[in-house]
Amino acid sequence: MDLNSASTVVLQVLTQATSQDTAVLKPAEEQLKQWETQPGFYSVLLNIFTNHSLDVNVRWLAVLYFKNGIDRYWRRVAPHALSEEEKTSLRAGLITNFNEPVNQIATQISVLIAKVARVDCPRQWPELIPTLVESVKVQDDLQQHRALLTFYHVTKTLASKRLAADRKLFYDLTSSIYSFACSLWNHHTDTFLQQICTGDEAAAANSLERTLLSLKVLRKLTVHGFVEPHWNAEVMGFLHAVFERLKQFLECSRSIRAESICRDRLEKTIILFTKVLLDFLDQHPFSFTALIQRSLEFSVSYVFTEAGEGVVFEQFIVQCMNLIKMIVKNYAYKPSKNIEDSSPETLEAHKIKTAFFTYPTLMEICRRLVTHYFLLTKEELTMWEEDPESFTVEETGGDSWKYSLRPCTEVLFIDIFHEYNQTLTPVLLEMVHSLQGSTNMENTNAILIKDAVYNAVGLAAYELFDSVDFDQWFKNQLLAELQVSHDRYKPIRRRVIWLIGQWISVKFKSDLRPVLYEAIRNLLQDHDLVVNDFEFRTDQFLPYLESMFTLLFQLLQEVTQCDTKMHVLHVLSCVIERVNMQIRPYVGCLVQYLPLLWKQSEEHNMLRCAILTTLIHLVQ
């Protein structure tokens, strides 16, 4: 394909391919598909998307076709592979200048350069990294940003390669550029902090963007660029500096307006700092040993003391809790039962953990988790009142502990309680004893505290097996609380039935179950129950079968969300499976309803699976 004569034709077809008219669009797409394997086509595309005078949509499309071509035809072994001569020319053209004015196109160009680097760097493209290093030093703001953006995407891509030879190349690359990456990050960070102090928000926003990109580069180099990073003084120096920078950035957040463009970027940068620590701990637990003490002190201080007031935000709290959790649970830090079998590194880490988690520290963490983080918020209570289904679905949502605050706090509580149950059991039991007896209906906070403590007892059910006489507690306190009909007591009724669900498979006498079934039936009648799939003995349950089945079926018809219907169907399936033939007199209504539900669930495959499961049990 001759560049001069082809450029005009390709440009015309690309313009047609951006049309909304399918009569124009389809032939253009067909023509472009035919040209994909033509020599010189990608050189023409390069000329088009680097020509800033052309229409943005046409340039965008040219970049996408170029990027897709790299995936299909760049490797030597690919059918219709590009010639070495054309690839050499394209590589040179891609890094001639970093001055793309449109952000979205600049990102796509950075990504496609990284795709080429994955195949060719450093052997066929030794000049890429030196060119990027020089380009991020220039004074021009636009060129510096675009080069830094490309530097990040290239580093990210090379860090993801897993073959031994590729890992060795990345280690070599990291050792050659790590000092420069650290100085670059420090320079942009210091510039940002100075600009914030002088009140120059526009300039600070630009510097913060560069701080964020250079930190992303350092994250990849630090986590994936060393075999034993703890032997490298620069790496450990950077990781210790992360804590100081985090404190500076958190303090900065006090002076930045919530609606400022800086605010969003600042929070992203703070989260990225925590990701550096979490990734490093995940990949290099023994190298992280020197950071355990500082990580715990930092996280506990900001999340469980007054130090964090006014500066912490939800996602930061989640990240700090994940850091504590990963240190507490890390198998690398747990000695073997036979101490002689444990490595010195494991013993050292365990010693640091033990020294940190003293009784006062554990007690404060436990109390704050339960009486602060477990409390239902005003927003949650409002959502429960206005849309109880959405509230329940959100509260019980899948694998969300890493990302949202409530599941994260509960998982941290479970892990810490499991690890230090001998210390924390008396603390939790003292909380329970302080709540015995009736609760003042006018005291909303007291109700929420009771809900939170009961939540903790449910989460720690297995750890509390020998310490709680649950049968006595059920008879003397919990059963009575299920019968309190006051509207303000609704959170406690809901929590108590959930709590029983947690304990029933742990410790609950079978002769108490008829009383429990009676209570469940009453709650179902009052539409006051989050449905739990309790274990039950068939002979004890049969007297309640008709009423329970009828109420569950009514609930199935009334709820609207797919997740709720699935949950109710699951409970119905369990009941049908357990009582077997005894269900026959009551299932007519369900058999008639399921085809209608099948039609309504056309877009919900998981719900259709639940319907089929229920049908299988019915047929059997």
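Are Phe298 and Tyr302 buried or exposed? Both Phe298 and Tyr302 are buried, where buried means under 20% relative accessible area, exposed over 50% and partly exposed in between (1.4 Å probe, protein chains only). This is a predicted model, in which local features need pLDDT of at least 70, side-chain atom pairs count only at pLDDT 80 or more, and totals for chains, interfaces and linings use all residues. Residues are numbered from 1 along each chain as its sequence is written, and side-chain values use heavy atoms, with hydrogens and water left out.

**Aromatic pairs**

- Rings of Phe, Tyr and Trp (its six-membered ring) pair if their centres lie within 6.5 Å, and planes under 30 degrees apart count as stacked, over 60 as edge-to-face and the rest as tilted.
- The count by this rule is 29 aromatic pairs.
- Phe298 and Tyr302 form a tilted pair, 4.8 Å centre to centre with 50° between the planes.
- The rings of Tyr454 and Trp473 have centres 5.3 Å apart and planes at 90°, so this pair is edge-to-face.
- Tyr454 counts as buried because its relative accessibility is 0%, and Trp473 counts as buried at 9%.
- Ring pairs link Tyr454, Phe470, Trp473, Phe474, Trp503 and Phe508 into a cluster.

**Backbone features**

- A cis peptide bond, with omega about 5°, joins Cys121 and Pro122.
- His80, although not a glycine, has a positive phi of about 60°, and His80 is exposed, with a relative accessible area of 56%.
- Asn580, also a residue other than glycine, has a positive phi near 55°, and Asn580 counts as partly exposed at 44% relative accessibility.
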